[in-house]
Amino acid sequence: MKILIQRVSRASVKIDNKDVSSITNGVLVFVGFDPKDSLDEIKRLSKKLLNYKIFSDENGRINLSILESESEILLVPQVTLSANTKKGLKPSFSKAASHEKALALFEEFSEHLQNSYSKVKTGEFGADMSIGLVNEGPITFLFEA
């Protein structure tokens with residue numbers, strides 16, 4: 001499991017030119033799943049995501065978590081995070097979770113986050129999404145299970 005987190009002043013998801021989800025002052029989180037991923041990885045990375053120091057305090061130092069800053073989360077499935085890019089000029093998805101498993105894991109991850117924190121919005125699994133964002137800092141982190 002991999003999650004790419006970007007601190008944003010705004011982010012949005014559109015599908016077929018229709019607004020699906022949007023946030024302000026939070027994090028855009030792209031998530032990709034591997035075949036071995038399970039609830040254990042979801043729980044561990046959810047806890048890390050919610051508690052990792054991403055936001056600035058009153059002194060301008062990065063000392064606040066999503067929970068402490070009460071920031072929003074926009075969660076977007078991103079199969080390309082699981083692509084193997086080490087060989088050749090074309091990504092290989094042979095090490096990514098199957099569509100069915102990734103869908104189940106995305107739903108589980110989304111539900112787990114929403115049960116832990118109220119300010120979570122999502123993109124749509126399997127959809128051709130247009131993502132808009134303004135990355136602040138820029139601050140971007142990659143977490144891997």
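Which residues do ring pairs link into a cluster? Ring pairs join Tyr52, Phe141 and Phe143, and we will come back to them below.

## About the model

This is a predicted model, in which local features need pLDDT of at least 70 and side-chain atom pairs count only at pLDDT 80 or more, while totals for chains, interfaces and linings use all residues. Residues are numbered from 1 along each chain as its sequence is written, and side-chain values use heavy atoms, leaving out hydrogens and water.

## Overall build

The protein has three helices and seven strands, arranged along the sequence as β-β-α-β-β-α-β-α-β-β. Here helices (H or I, at least four residues) and strands (E, at least two) are DSSP runs, numbered from the N terminus.

For 145 residues, a compact globule would have a radius of gyration near 15 Å, and the protein agrees with its 15 Å. That radius is taken over C-alpha atoms, and the globule rule is 2.2 Å times the number of residues to the power 0.38. Of the 145 residues, 39% count as buried, where buried means under 20% relative accessible area, exposed over 50% and partly exposed in between (1.4 Å probe, protein chains only).

## The sheet and its helices

Five strands make an open, mixed sheet in the order β6-β5-β2-β1-β7; two strands pair if DSSP finds at least two bridges between them. At the edges are β6 (120–122) and β7 (129–144), each pairing on one side only. Strand β1 (residues 2–15) runs antiparallel to β7, joined to it by 12 bridges, and Ala11 stands opposite Leu133 in β7.

Helix α1 (residues 39–51) packs on this sheet, touching β1, β2 (18–32), β5 (72–77) and β7, with its direction at about 95 degrees to that of β7. Contact means heavy atoms within 4.5 Å. Angles run from 0 to 180 degrees between N-to-C directions, using axes fitted to C-alpha atoms, for helices over the stretch in contact. Helix α3 (residues 99–116) lies across β1, β2, β5 and β6, at about 175 degrees to β5.

## The aromatic cluster

Back to those rings. Rings of Phe, Tyr and Trp (its six-membered ring) pair if their centres lie within 6.5 Å; planes under 30 degrees apart count as stacked, over 60 as edge-to-face and the rest as tilted. By this rule there are three aromatic pairs. Tyr52 and Phe141 have ring centres 5.2 Å apart and planes at 70 degrees, so they are edge-to-face. Tyr52 sits in the loop between α1 and β3 (55–56) and Phe141 in strand β7, 89 residues apart.

Tyr52 is partly exposed, with a relative accessible area of 30%. The rings of Tyr52 and Phe143 also form an edge-to-face pair, with centres 4.8 Å apart and planes at 65 degrees. Phe143 is buried, at 5% relative accessible area.
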